[in-house]
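Morning, everyone. I have one model to show you, and I'll keep it brisk.

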Amino acid sequence: MAVNHPFVYHLIRPEGDYFATEQWTDEYTFNGQPAELTYWHRPLHAIANEFTAAGFRIAVVSEPPPAPGAREAFPDLVTSPSGYILCFLFFVLEAA
């Protein structure tokens with residue numbers, strides 16, 4: 001399963017409370033059409049707690065690198081020397 005990286009919330013909404021569960025909406029344009037996307041921010045410990053409370057064990061947490069060509073296609077997003085984009089966390093869950 002993939003979730004928005006919890007730290008991204010702090011970068012996008014510095015006035016927000018990282019340790020709170022909060023909803024926010026951003027406006028985008030897709031193919032010339034306006035759209036609103038609604039997100040829920042949860043701190044990392046809250047995400048992990050929900051998985052374990054639902055009966056799962058977290059086997060892997062990863063921050064994978066972007067796809068080949070991402071640095072060229074999105075130079076403003078790939079800002080770290082390693083070429084990583086702080087965007088998503090991927091969890092591998094197993095039944096506990």
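First, the ground rules. This is a predicted model, so local features need pLDDT of at least 70, side-chain atom pairs count only at pLDDT 80 or more, and totals for chains, interfaces and linings use all residues. Residues are numbered from 1 along each chain as its sequence is written, and side-chain values use heavy atoms, with hydrogens and water left out.

Now the fold. The protein chain has 3 helices and 5 strands. Both come from DSSP runs, numbered from the N terminus: helices are H or I with at least four residues, strands are E with at least two. In sequence order the pattern reads β-α-β-β-α-β-α-β. The C-alpha trace spans about 45 × 30 × 25 Å along its principal axes.

Next, burial. Buried means under 20% relative accessible area, exposed means over 50%, and partly exposed is in between, with a 1.4 Å probe and protein chains only. Of the 96 residues, 20% count as buried. Contacts here are heavy atoms within 4.5 Å. Take the contacts with a separation of 6 or more: residues 24 or more positions apart account for 53% of them.

On to charges. How many salt bridges are there? The count comes to 2. The rule is a side-chain nitrogen of Lys or Arg within 4 Å of a carboxyl oxygen of Asp or Glu.

One joins Arg13 and Glu15, at 3.4 Å from N to O. Arg13 is partly exposed at 26% relative accessible area. Glu15 is exposed, at 57%.

The other joins Arg57 and Glu94, at 2.3 Å from N to O. This pair links distant parts of the chain: Arg57 sits in strand S4, residues 56–62, and Glu94 in strand S5, residues 88–95, 37 residues apart. Arg57 is partly exposed at 43% relative accessibility. Glu94 is also partly exposed, at 34%.

Rings next. The structure holds 6 aromatic pairs. Rings of Phe, Tyr and Trp, the last by its six-membered ring, pair if their centres lie within 6.5 Å; planes under 30 degrees apart are stacked, over 60 edge-to-face, and the rest tilted. Take Phe51 and Phe91: their ring centres are 5.0 Å apart and their planes meet at 70°, so this pair is edge-to-face. Phe51 lies in helix H2, residues 44–53, and Phe91 in strand S5, so the pair ties together parts that are 40 residues apart in sequence. Are these two buried or exposed? Both Phe51 and Phe91 are buried. Elsewhere, ring pairs link Tyr9, Trp24 and Tyr39 into a cluster.

Now some single residues. His5 is in the loop between strand S1, residues 2–4, and helix H1. His5 counts as buried because its relative accessible area is 12%. What does the His5 side chain meet in a polar contact? The partner is the side chain of Glu63, at 2.6 Å. A polar contact is a pair of N or O atoms within 3.5 Å; within protein, one must be able to donate a hydrogen and the other to accept it, and residues adjacent in sequence count only if both atoms are side-chain atoms. Set aside the neighbours within four places in sequence, and His5 is in contact with Glu63, Leu86, Cys87, Phe88 and Leu89.

Pro66 is in the loop between S4 and helix H3, residues 70–73. Pro66 is partly exposed, at 26% relative accessible area. Pro66 and Tyr84 are 18 residues apart in sequence, and their C-alpha atoms are 6.1 Å apart in space.

Then a backbone point. Most residues other than glycine have a negative phi. Asn31 has a positive one, near 55°. Asn31 is in the loop between strand S2, residues 22–30, and strand S3, residues 33–41. Asn31 is exposed, at 80% relative accessible area.

Last, the surface. The accessible surface of the chain is about 6,800 Å², and 58% of that belongs to carbon and sulfur atoms. Areas come from the Shrake-Rupley method with a 1.4 Å probe; for residues, only the protein chains shown count as cover.

Phe7, Leu11, Ile12 and Leu86 make a nonpolar surface patch of about 350 Å². Patches take residues with over 30% relative accessible area and no salt bridge; like charges are joined within 9 Å, and nonpolar side chains (Val, Leu, Ile, Met, Phe, Trp, Tyr) within 5 Å. Phe7 is in helix H1, residues 6–12. At 38% relative accessibility, Phe7 counts as partly exposed.
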